[in-house]
Amino acid sequence: MSGNEVCYERERWDILKAKREKAKFFMEKLTKQGIPSIVYGSIARGDVREKSDVDIFIPQLLPSFRIELALDGVEIVERRIVQATPSYAIKGEIVIDEETTVSFPLVKMRDREMDFYRFGGCIGYEEVIRNKRVPGVDKRLMLIFPTEKGHVEVSIHEVHPSVVAKILGVSIDIVLERIRVLERRREVGRTGIYLCERLSSGDSFESALREIALRDPAVRRRLGD
């Protein structure tokens, strides 16, 4: 499998180090309270840019108060409930700053929904400490393979979906789905998400979700799965 080799300048390695240190800071807080987390996307692959987000996800269904207690003392910009589509997992998001978000499921995750994170590349706290980098697919639909000098990138269209699935440890279905979604996004741009509701300071994620479910049949159905 041939591809384009990208060698990083020192500045890019420095950006990766800084963003991983930031991810590690928050992941360590969660780990100390027995809460597992992953960081996903370019931070996990290594192909970061100055504007790359630090996206942390907690892959277990836990009471939200445990997560908020673990982040006690951290200045929060916003807390919100989001759902990409009416059938997709409902998540809570704690926005720490313009580039850093901690998200977590408010319903039981399906295996296919977890594959979303593996598709883009994801690593846990111990892997962040070990400076591990993993393959994943970026928004350009380029399959990124980390190397000592940077990375090698190959268009996902040059690799059979079954091979991509095997490399990333995901189902073929998620490979085909993400190709379809990202290609459409390139054609028409982002089309928004189904649900994005900001919480007031006194609301818990669970109580706010119950209120939403009272008026939204799609949310009720997802809660009932």
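Reader: Which residue of strand 10 stands opposite Phe-145?

Author: Phe-145 stands opposite Val-152. The model is predicted, with pLDDT of at least 70 needed for local features and 80 or more for side-chain atom pairs, while totals for chains, interfaces and linings use all residues. Residues are numbered from 1 along each chain as its sequence is written, and side-chain values use heavy atoms, leaving out hydrogens and water.

Reader: Why are strand 1 and strand 8 said to stand at the edges?

Author: The open sheet has four strands in the order 1-10-9-8, with antiparallel pairing. Strand 1 (4-7) and strand 8 (136-137) each have a single partner strand, so one side of each lacks a neighbour in the sheet.

Reader: Why is Arg-45 called buried?

Author: Buried means under 20% relative accessible area, exposed over 50%, and partly exposed in between, with a 1.4 Å probe and protein chains only. Arg-45 has 6%, and is therefore buried. This residue lies in helix 2 (residues 42-45).

Reader: Which residues does Arg-45 touch, not counting those up to four places away in sequence?

Author: Contact means heavy atoms within 4.5 Å. The residues touched by Arg-45 include Gly-120, Arg-133, Asp-138, Ile-144 and Pro-146. Pro-146 is 101 residues apart from Arg-45 along the chain, yet their C-alpha atoms are separated by 6.5 Å.

Reader: What makes strand 4 mostly covered, and which strands are joined to strand 4 by bridges?

Author: Five of the six residues of strand 4 (residues 78-83) are buried. Six bridges join strand 4 to strand 5 (residues 90-97), running antiparallel, and Ile-81 has Gly-92 as its bridge partner there. These two strands form a hairpin with six residues between them. Strand 4 is also joined to strand 11 (residues 195-198), again antiparallel, by four bridges; in that pairing, Arg-80 has Arg-198 as its partner.

Reader: Which way do the residues of strand 3 point, and are they buried or exposed?

Author: In a regular strand, side chains alternate between the two faces of the sheet. From strand 3 (residues 54-57), Val-54 and Ile-56 point one way, Asp-55 and Phe-57 the other way, and all are buried.

Reader: What is the sense of pairing of strand 3 with strand 2 and with strand 6?

Author: Strand 2 (residues 38-40) pairs with strand 3 in the antiparallel sense over three bridges, and Val-39 stands opposite Ile-56. Strand 6 (residues 100-105) runs parallel to strand 3, with four bridges joining them; here Val-54 stands opposite Thr-100.

Reader: How do you know that the radius of gyration agrees with a compact globule?

Author: The radius is taken over C-alpha atoms, and the globule rule is 2.2 Å times the number of residues to the power 0.38. For 225 residues, a compact globule would have a value near 17 Å; the protein chain has 18 Å, which agrees. Along its principal axes, the C-alpha trace spans about 55 × 35 × 30 Å. Buried residues make up 48% of the 225 residues.

Notes: Two strands pair if DSSP finds at least two bridges between them.
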